Amino acid sequence: KARIIAIDYSPRMLAVCRKKLKSFGDQVRLIEGDFAHTEFPRGCDVVISTLAIHHLTDPQKLELFKKIYSVLKREGWFVNGDVVLFESSRHTFLQEQVRSEHASARGIDLNALDAETHPGLGDHLSTLKTQLNLLEIAGFHSIDVIWKYYQFVVYGGFKYCPDAKKKRRAAPAWPDF
């Protein structure tokens, strides 16, 4: 009974989505566009993003997190599956190796994949810790990491969570971008 609205910059990704969700008919609406500039519907129960937010700078990530927070219903949930920077520079060599192996396993050429991204946007990876802090600054509660494998991570938070501690600690100071 869910109503799904999918936003993506890539026509190829929307075509894959259209094919996979064909059986849901009118329950699915696909929008080609930049999610940072596309208006989201209000009253969402869940907002899910996968392998997209890493194209934004940290200030853009914060603005998007605030936008997502504003369209969620009370107790709504935001989940992001994406790539992050390792906390230690000693692990940076893994980033490109894991990315190349992942693309190769899926039969995707990295140059073709990069060409589909928003012109001039590229990758602006942040550490997981930075992104969790940005979620907290945006107002999210009960922020947690659901899964992590090397640089791939799934994390999120709630607009409001009744089981969250009554007295919430103050959000971190505005980051020094």
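**Sheet, helices and salt bridges**

In this predicted model, E3 and strand E4 (residues 72–83) pair in the parallel sense over six bridges. Within this pairing, Ser-49 stands opposite Asn-80 in E4.

The two strands belong to an open sheet of four, ordered E3-E4-E6-E5, with mixed pairing. Its edges are strand E3 (44–50) and strand E5 (141–149), each of which pairs on one side only. On average, neighbouring strands of the sheet are turned by 10° against each other, direction ignored.

Two helices that pack on the sheet can be described next. Helix H2 (residues 58–71) touches E3, E4 and strand E6 (152–158), and its direction makes about 145° with that of E4. Helix H5 (residues 128–138) touches E4, E5 and E6; its direction makes about 15° with that of E6.

What is the count of salt bridges? It comes to three. One of them joins the side chains of Lys-73 and Asp-45, at 3.2 Å from N to O. This pair links distant parts of the chain, 28 residues apart, with Lys-73 in strand E4 and Asp-45 in strand E3. Lys-73 is partly exposed at 41% relative accessibility, and Asp-45 is partly exposed at 48%.

Helix H2 also holds charged pairs. Lys-61 and Asp-58 meet at 3.5 Å, N to O, and lie three residues apart, about one turn of the helix. Lys-61 counts as buried because its relative accessibility is 0%, under the 20% limit. Lys-66 and Glu-63 form a salt bridge at 3.7 Å, N to O; they too are three residues apart in helix H2, so about one helical turn separates them. Lys-66 is partly exposed at 33% relative accessibility, as is Glu-63 at 45%.

Conventions. Residues are numbered from 1 along each chain as its sequence is written. This is a predicted model: local features need pLDDT of at least 70, side-chain atom pairs count only at pLDDT 80 or more; totals for chains, interfaces and linings use all residues. Side-chain values use heavy atoms; hydrogens and water are left out. Two strands pair if DSSP finds at least two bridges between them. Axes are lines fitted to C-alpha atoms, for helices over the stretch in contact, and angles run from 0 to 180 degrees between N-to-C directions. Contact means heavy atoms within 4.5 Å. A salt bridge is a side-chain nitrogen of Lys or Arg within 4 Å of a carboxyl oxygen of Asp or Glu. Buried means under 20% relative accessible area, exposed over 50%, partly exposed in between (1.4 Å probe, protein chains only).
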